[in-house]
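Here is a friendly walk through one protein model, meant for someone meeting it for the first time. Please keep the sequence and the 3D view open as you read.

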Amino acid sequence: MFAVQLTLLNVAAAPPGESGAADVQAAVRACAGPGDGLEHVRACAVPAGVGLVLYVRAPDRTVAGLRAQALLDRALAAGPEGRYALAMV
């Protein structure tokens, strides 16, 4: 299992706060399927937006990062519309 750190930059006018982090975390969980290898997700508000750590089962770190990014892309498409942009850390 690998920990993949990501930051979602807030592109909306309003600051995200902890409710924004909770919304993102819920969207990630809702979109996760068995093929994503998601074990756990943590989200918290950071000055730039939302910081995330996705714990992903994968054969190596590269695959874990690709799985995490694909999952997050789906979650953002289904979740908080137009509010965040992905920035890999």
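R57 counts as partly exposed, since its relative accessibility is 40%. In this predicted model, R57 takes part in a salt bridge with E39, and the closest N and O atoms of the two are 2.1 Å apart. The pair ties together distant parts of the chain: E39 belongs to strand β2, while R57 sits in the loop between β3 and α2, 18 residues apart. E39 is also partly exposed, with a relative accessible area of 42%.

How many salt bridges does the structure hold? There are two. In the other one, the side chains of R74 and D36 meet, with 2.6 Å from N to O. This pair, too, links distant parts of the chain, for R74 is in helix α2 (residues 61–78) and D36 is in the loop between α1 and β2, 38 residues apart. Is D36 buried or exposed? D36 is buried, with a relative accessible area of 10%, whereas R74 counts as partly exposed at 36%. As a general point, side chains of opposite charge can pair when their charged atoms come close.

Here are the two pairs in brief.

| Salt bridge | N to O distance |
|---|---|
| R74 and D36 | 2.6 Å |
| E39 and R57 | 2.1 Å |

Now for the overall layout. The protein chain has two helices and four strands, and along the sequence they follow the pattern β-α-β-β-α-β. Of the 89 residues in the protein chain, 38% are buried. Among the contacts with a separation of 6 or more, 66% are between residues 24 or more positions apart.

Seven of the eight residues in β3 are buried, so the strand is mostly covered. Strand β1 (residues 2–10) runs antiparallel to β3, and eight bridges join them. Within this pairing, L9 has G49 of β3 as its bridge partner. Strand β2 (residues 38–46) pairs with β3 as well, again in the antiparallel sense and over eight bridges. There, L38 stands opposite V56 in β3. A hairpin of two residues joins β2 to β3.

Next come the helices. Helix α1 (residues 17–31) contains Q25, which is buried with a relative accessible area of 16%. What does Q25 contact, leaving aside its neighbours within four places in sequence? Q25 is in contact with V41, R42 and A43.

Which residues of α2 are buried? They are A64, G65, A68, L71, L72, A75 and L76. These residues cover an arc of only 135° around the axis, so they lie on the same side of α2. On the other side of α2, T62, L66, A77 and A78 are exposed.

The N-terminal end of α2 has a cap, provided by D60: one of its side-chain oxygens lies 3.1 Å from the backbone nitrogen of T62.

Notes: Residues are numbered from 1 along each chain as its sequence is written. This is a predicted model: local features need pLDDT of at least 70, side-chain atom pairs count only at pLDDT 80 or more; totals for chains, interfaces and linings use all residues. Side-chain values use heavy atoms; hydrogens and water are left out. Buried means under 20% relative accessible area, exposed over 50%, partly exposed in between (1.4 Å probe, protein chains only). Two strands pair if DSSP finds at least two bridges between them. Contact means heavy atoms within 4.5 Å. A salt bridge is a side-chain nitrogen of Lys or Arg within 4 Å of a carboxyl oxygen of Asp or Glu. The arc is that of the directions from the helix axis to the C-beta atoms. A polar contact is a pair of N or O atoms within 3.5 Å; within protein, one must be able to donate a hydrogen and the other to accept it, and residues adjacent in sequence count only if both atoms are side-chain atoms.
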